[in-house]
Structures are given as C-alpha cells and as structure tokens.
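Q: Please take a close look at one part of this structure. Keep it brisk, and go from that part to its surroundings.

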Amino acid sequence: FPIQAKAYTDELIQTAKTIASPGRGILAIDESNATAGKRLASIGLDNTEVNRQAYRQLLLTTPGLGEYISGSILFEETLYQSTTDGKKFVDVLREQEIVPGIKVDKGLVPLPGSNNESWCQGLDGLASRSAEYYKQGARFAKWRTVVSVPCGPSALAVKEAAWGLARYAAISQDNGLVPIVEPEILLDGDHPIERTLEVAEKVWAEVFYYLAENNVVFEGILLKPSMVTPGAEHKEKASPEAIAKHTLTVLRRRVPPAVPGIMFLSGGQSEVEATLNLNAMNQSPNPWHVSFSYARALQNSVLKTWQGRPENVEAAQQALLIRAKANSLAQLGRYSA
Ligand code: 13P
C-alpha cells in the first residue's frame with residue numbers, strides 16, 4: 001500500500017526515523033523569550049539576547065551530545081543564531097548528527113465559550129514561515145497546545161486542540177518539516193490517574209481522527225505526549241510502573257504502529273523521575289520508539305551548575321551529558337538509579 005506521495009514524503013519518513021533512533025531522544029530548548037527569562041532569572045541573570053545565546057551555546061556545543069540526542073527543538077531566535085566564534089547553531093547540530101527543529105506555535109490564549117480553557121495560535125502564515133525555517137536548516141517542528149483536566153476539559157477545548165494540531169501537522173509536512181504533535185495534558189489538579197487516562201484517550205482519539213481527515217502521513221510524524229500520572233495535587237503519587245502501565249495503555253489503544261516515535265515531555269517531573277518513568281516504559285518491547293523530548297528534566301541541573309559563569313561551562317556540559325546518557329539508557333530500558 002504505497003503512501004500517497006507528496007513532495008517531501010520520503011524525506012519526512014527518513015527524518016522521523018533518524019530522530020527516533022535507538023538510544024537517542026530530543027533536547028528541547030525551545031523556550032519562548034518569556035520562559036527563557038524565567039529560567040535565567042532562577043540563576044540571577046537578565047533576560048538579554050546575549051545571555052540566551054550564551055546559554056544555548058553551552059547546551060548545543062556540548063562535546064559528545066550526538067550520542068544521546070537525535071534532535072533539538074529551537075526557538076526562532078536560536079535557529080538564526082551562531083556561536084560566538086561565528087558557526088551557525090544549525091551547523092553545530094548537524095556536525096553531531098542532531099536534527100535541528102523549530103517551535104512554530106505562537107502560544108496560548110483564552111478560548112472564548114470554554115470553561116476558562118485556552119487554545120493555541122499560529123496557523124496564519126504558518127506555511128510561509130515553515131518554508132523559511134526549512135531553508136534555514138530546520139527539519140522538524142513542534143506545536144504545543146494544552147488540555148486542562150480540572151477545567152473539564154470541555155468538548156470544545158479538546159476539539160480545538162485536536163483540529164489545530166492536525167492543521168499544523170498537514171502544513172508542516174507540506175513544507176518538509178516532521179511535525180511533533182503535542183497535546184499536553186497538564187499535571188495540575190487533584191484527580192486520580194484513572195481520570196488522566198480517560199482524558200488522554202479522549203484527546204488522542206480526536207487528534208488521530210483529525211490527523212487522518214487532514215491526510216497527514218503517519219509515518220512522518222512524531223508524538224509528544226504527557227505521561228499518564230495522577231494530578232500533581234492528588235493525595236498519592238504513582239510508581240514508575242503504574243505510570244508506565246497507564247501511559248502504555250492509552251498509547252496501545254490510540255496510536256497506530258505506523259507512528260515511528262513517541263517522545264515524552266517531562267511536564268514538571270524531576271530529572272530522575274522523568275528518567276525512571278521512561279525506563280519503566282521500555283521494560284518490554286513497544287510498537288514505536290518510546291523516548292524523550294525533555295526541556296526541564298534535561299536542563300535543571302545544567303542551569304544550577306552554570307550560574308552564568310564562563311568557568312562553569314564545562315561542568316554544566318557534563319551535567320547535561322549525565323542526564324542525556326541516563327535518558328538514553330532509559331530509552332533502551334537499561335537505566336538503574
Ligand atoms: P518539559 O519537558 O519541560 O515539560 O518541556 C516540554 C516542551 O514542550 C518543551 O519543548
């Protein structure tokens with residue numbers, strides 16, 4: 001059954017396969033300038049372009065990173081930046097066989113008519129922006145929308161999230177970018193894990209319905225789901241085994257094996273928790289590559305070690321390698337704390 005051929009189909013499938021390669025995952029450093037500001041403030045630094053560049057340079061020039069990292073999601077500013085000695089960040093990545101990616105959504109705004117929920121902007125002009133990003137070297141894209149369990153979620157919010165993701169995915173593929181499909185089910189709330197599972201099933205059913213309706217090539221997408229956990233304020237925490245069991249239940253019920261990679265977000269879990277949970281999911285074979293696309297769970301120790309000081313750069317890069325290697329082992333199901 002040949003896949004309906006479009007201009008970039010073969011390349012998309014190859015890109016997705018490269019990102020979903022054994023023992024590797026995604027380093028997400030696509031914080032918007034506002035979010036980057038919060039991270040820099042946590043170590044007493046001002047939110048200037050110079051500081052953002054210095055921090056991203058530290059991360060992307062880590063020697064040996066490509067052994068554990070197959071792709072890195074950048075914010076638009078970073079996609080066009082270079083190292084202080086003039087090498088484009090995209091070239092730094094390519095040399096390590098890391099695929100450059102780009103965050104293309106324009107963030108969340110209130111969704112009128114819903115239960116205080118939000119929707120994700122960014123479809124206007126997306127085709128031309130995506131074509132520009134491709135020219136600049138990006139080969140995959142990310143669009144993050146959110147679903148809130150305590151706010152409902154309302155049928156309207158779920159439908160909007162799913163439809164937006166599907167439109168974005170079709171536009172990305174049309175322009176040579178592998179879309180990462182990310183409906184983040186937020187951790188907030190005191191609900192039990194079973195409720196998260198129920199919501200996740202609903203959300204993924206709609207996402208795949210609209211992906212199919214938009215003729216998206218499933219072999220050329222990647223997913224970025226939240227793990228299925230109890231709400232952050234729930235009275236009991238779940239073990240990595242329970243999280244793995246519930247998360248894999250949703251994936252098996254909703255995600256076709258044609259999808260090459262499931263790259264989880266860390267969503268506020270600690271670094272070690274995120275690694276243990278991923279490891280638990282890889283204790284038996286899965287139909288897809290089950291891996292990571294972490295931002296906070298790969299960067300927390302790096303930031304703390306760096307403190308904005310040039311003399312700490314090397315130690316901070318070692319801290320990144322420690323987390324990247326731990327998650328690489330977890331992708332292979334071979335991590336032990
Ligand atoms: P966290 O891993 O910090 O939740 O970030 C996820 C994300 O979407 C960044 O690209």
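A: Helices (H or I, at least four residues) and strands (E, at least two) are DSSP runs, numbered from the N terminus. Residues are numbered from 1 along each chain as its sequence is written. This is a predicted model, in which local features need pLDDT of at least 70 and side-chain atom pairs count only at pLDDT 80 or more, while totals for chains, interfaces and linings use all residues.

The part to look at is helix H11, residues 296-306. Start with its partner, helix H12, residues 313-331. The two axes (lines fitted to C-alpha atoms, for helices over the stretch in contact) come within 8 Å and cross at roughly 165 degrees, with angles running from 0 to 180 degrees between N-to-C directions. H11 is therefore roughly antiparallel to H12; angles over 145 degrees count as such. The crossing is right-handed, that is, the near helix is turned clockwise from the far one by less than a right angle.

Now the contact, where C-beta atoms placed from the backbone lie within 7 Å. H11 brings Leu298, Ser301, Val302, Thr305 and Trp306. H12 answers with Val313, Ala315, Ala316, Ala319, Leu320, Arg323 and Ala324. These residues divide into 9 nonpolar, 2 polar and 1 charged. Here Ala, Val, Leu, Ile, Met, Phe, Trp, Tyr, Cys and Pro count as nonpolar, Asp, Glu, Lys and Arg as charged, and the others, Gly among them, as polar.

Six names stand for the buried side of the account: Ala297, Leu298, Gln299, Val302, Leu303 and Trp306. Buried means 20 or more other C-beta atoms within 10 Å of a residue's own, placed from the backbone. Their cover includes H12, strands E1 (25-29) and E10 (289-294), and helices H2 (33-41), H3 (49-60) and H10 (271-281). After H11 comes Gln307, with a positive phi near 55 degrees.

The shell holds 13 residues, of which Ala28, Leu265, Ser266, Ala295 and Arg296 come nearest; a residue belongs if its C-beta atom, placed from the backbone, lies within 6 Å. By class, the shell has 6 nonpolar, 2 polar and 5 charged residues.

Last, Glu182 in strand E7 (178-185). Glu182 touches Leu265, as well as Lys142, Trp143, Arg144 and Lys224, leaving out residues up to four places away in sequence. Glu182 counts as buried because 27 other C-beta atoms lie within 10 Å.

Terms used
Buried ≥ 20, exposed ≤ 12 C-beta atoms within 10 Å, placed from the backbone. Contact = placed C-beta atoms within 7 Å. Parallel < 35°, antiparallel > 145°, perpendicular 65-115°, else oblique.
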